[in-house]
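Thanks, everyone, for making the time this morning.

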Amino acid sequence: MKPRSVGDAVRLLFVGFYTLIVLGPLVWLVVTSFKTSAEIYGSPWTLPSRMQWDNYVRAWFEANIGQYLFNSIFVTAVSISLIVIIAAMAAYVLVRYPFRGSRIILVAFVSGLMVPVQIALVPLHDLLRTLGLLDSYWGLIPVYIAFSLPFTVFLLSGYFSTLPRDLEQAAIIDGCSHAQVFWRVMLPVSKPAVMTALIFNFLGIWNEFILALIILASDELKTLPLGLADLQVVMRYQVDWGALFAGLVIAIVPIFIGYIFLQEQVTEGATMGALKG
Amino acid sequence: MKAVYRQIGFKAGFLAPAVGIFVVFFIYPILQTLHVSLYRWGGLSPDMDWVGLDNFRNLLFHDPIFWKAVSNNLFFLIVFPIITLVLSLFFASVFARRFRGSTLLSSVYFFPALISWVAISILWSFIYHPSIGILNSLLAGIGLEGLARTWLADPAVVLGAVAAPLIWRNVGFYMVMFVAAIRNIPPEYHESALIDGASRWTIFRHITLPLIWEVVSVAVVFMVVNAFLAFDLVWIMTQGGPSRHSEILTTYFYRKAFIEFQMGYATAMAVLLFIGVLTVSLLLRRFMQRETVEY
């Protein structure tokens with residue numbers, strides 16, 4: 001954009017300024033993650049004299065970030081796969097095989113969109129304790145699935161209801177059972193919606209904090225957000241800022257890489273969530 | 001007949017996992033919350049004392065911290081949406097006309113929306129940090145040392161300081177939504193207005209904005225609900241401090257429930273929180289819909 005008028009020049013100036021506001025903190029984070037503690041206490045504007053990769057080693061091993069990262073990958077991967085399968089099966093039956101009461105079930109799922117998680121926390125904690133599922137992924141993952149169902153069912157039922165009838169009929173004539181039609185025909189043709197659902201739920205669960213906070217207690221089970229929050233408290237006393245900054249970078253990098261490769265889908269998946277309003 | 005039974009089995013089998021999990025881990029806890037809110041309950045012991053509506057009465061009439069949290073919440077859900085909306089609409093109007101680098105820049109603006117609140121909260125705690133933080137040193141660098149302070153420990157500025165990352169994370173997100181909406185407007189609308197000699201502000205105010213109003217109103221409701229329910233950010237940056245100056249309903253709820261173990265009192269607060277969110281978003285939607293009719 002070449003400034004053709006005063007207005008354009010002003011707009012360009014704002015864009016430049018805001019770019020600095022967005023990038024400044026991120027660049028500062030990365031640069032600081034390579035500094036020694038002494039350098040961090042010096043000026044925030046200087047570059048590290050030598051790249052302190054050791055910060056990353058300490059973050060990964062001593063501060064357990066490596067463990068938290070794998071925990072997050074595991075919990076997120078299992079949760080989002082199950083969410084999409086379970087929600088797709090339910091949404092499919094609800095919109096393609098309507099029966100008396102199917103409408104009410106669909107409405108019940110979708111009204112869950114308006115419910116803030118806080119309203120369920122206390123009884124949920126109590127329920128998991130009674131079932132012996134506190135401090136275990138067997139408790140965390142079903143809860144993640146339950147809280148992701150409203151949006152996922154909403155999204156997928158909307159998509160399924162737009163698919164043409166002929167698709168199923170042709171498959172049935174070919175001798176497929178109802179379940180086979182779903183797995184072999186309907187799910188594959190719904191790839192765009194499934195992709196959106198996967199990405200939306202990935203972001204929600206990868207970044208989820210409060211449910212993990214009330215459910216998980218053991219250090220070896222903690223997910224990244226929980227581990228980072230703990231680390232911040234620990235590092236306040238140990239004053240190992242370098243490792244904490246490195247830990248933050250490790251938490252952000254996977255998202256950054258995913259964003260580079262899947263930019264369009266990620267943008268779509270993330271903004272779809274605004275429909276929740 | 002056999003086929004009919006098979007279909008029933010198929011339907012039940014496909015519905016069972018979702019309905020089962022939803023009933024056990026979603027519907028049951030919500031209903032249970034309504035129940036627990038009528039008791040005094042320490043959480044761990046099975047003894048629950050029936051107190052009727054006392055929890056609600058105490059919250060509404062005898063708890064100044066609750067009202068402090070409500071007013072902090074109001075600050076959040078007024079200031080954050082207004083600033084975010086103005087900035088994201090402004091940048092959307094700039095980015096809607098492609099220019100060299102606009103695609104790359106808009107992905108940069110969008111990126112913070114993907115980072116977890118926890119990571120953002122820790123990062124911003126460091127930005128505000130009095131000895132290693134970048135903000136005070138930046139202010140000193142441009143000759144404004146006088147403004148430097150311990151941002152997260154100063155009652156006068158702590159709310160604004162906590163709201164800043166909320167804005168930082170969201171402007172690019174809403175900008176991208178608005179850019180998509182603006183690009184859906186048929187170009188003829190703008191062209192004919194330009195021929196008529198309308199200024200860019202006039203075009204934006206009278207053509208662009210009314211045509212994307214639907215998206216804008218959804219976005220505003222979304223922003224307000226998010227501001228209402230923000231938890232991670234406040235909990236990690238200040239835990240509601242200093243001395244409750246950044247306490248909001250979600251952090252106060254968490255403290256009551258899982259630190260002080262006043263489960264009955266906390267669930268009553270959760271019920272009020274739910275009513276609050278629902279009321280605000282319904283009112284807002286009604287209010288903004290009426291706006292649309294004007295055009």
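Let me begin in chain B, at P242(B), which sits in the loop that runs between helix 11 (232-237) and helix 12 (249-258) of that chain. Please keep in mind throughout that what we are looking at is a predicted model. The peptide bond that joins G241(B) to P242(B) is cis, with omega at about -5 degrees. As a general point, most peptide bonds are trans, and most residues other than glycine have a negative phi.

F261(B), in the loop between helix 12 and helix 13 (263-293) of chain B, has a phi near 55 degrees, which is a positive value in a residue other than glycine. Is F261(B) buried or partly exposed? With a relative accessibility of 34%, F261(B) counts as partly exposed. In chain A, D135(A) also has a positive phi, near 55 degrees, and is likewise not a glycine; it lies in the loop between helix 6 (118-130) and helix 7, and with a relative accessible area of 26%, D135(A) is partly exposed.

Now, back in chain B, please find N72(B), which has its place in helix 3 (residues 64-96). N72(B) is buried, because its relative accessible area is 3%, and the cut-off for buried is under 20%. Which residues is N72(B) in contact with, once its neighbours within four places in sequence are left aside? They are L159(B), R244(B), H245(B), S246(B), E247(B) and I248(B).

Stepping back to chain B as a whole, we find 13 helices and 2 strands. The radius of gyration of the chain is 24 Å, well over the 19 Å that the globule rule gives for 295 residues, so chain B is more spread out than a compact globule. Along its principal axes, the C-alpha trace spans about 75 × 75 × 35 Å. Even so, buried residues make up 53% of the 295 residues, and of the contacts with a separation of 6 or more, 67% are between residues 24 or more positions apart.

Methods: Residues numbered from 1 in each chain as written. Chains lettered and ligands numbered in written order. Predicted model: local features only at pLDDT ≥ 70, side-chain atom pairs only at ≥ 80, totals over all residues. Heavy atoms only, no water. Helix = DSSP H or I, 4+ residues; strand = E, 2+ residues; numbered from the N terminus. Rg over C-alpha atoms; globule rule 2.2 N^0.38 Å. Buried < 20%, exposed > 50% of the residue type's maximum accessible area, 1.4 Å probe, protein only. Contact = heavy atoms within 4.5 Å.
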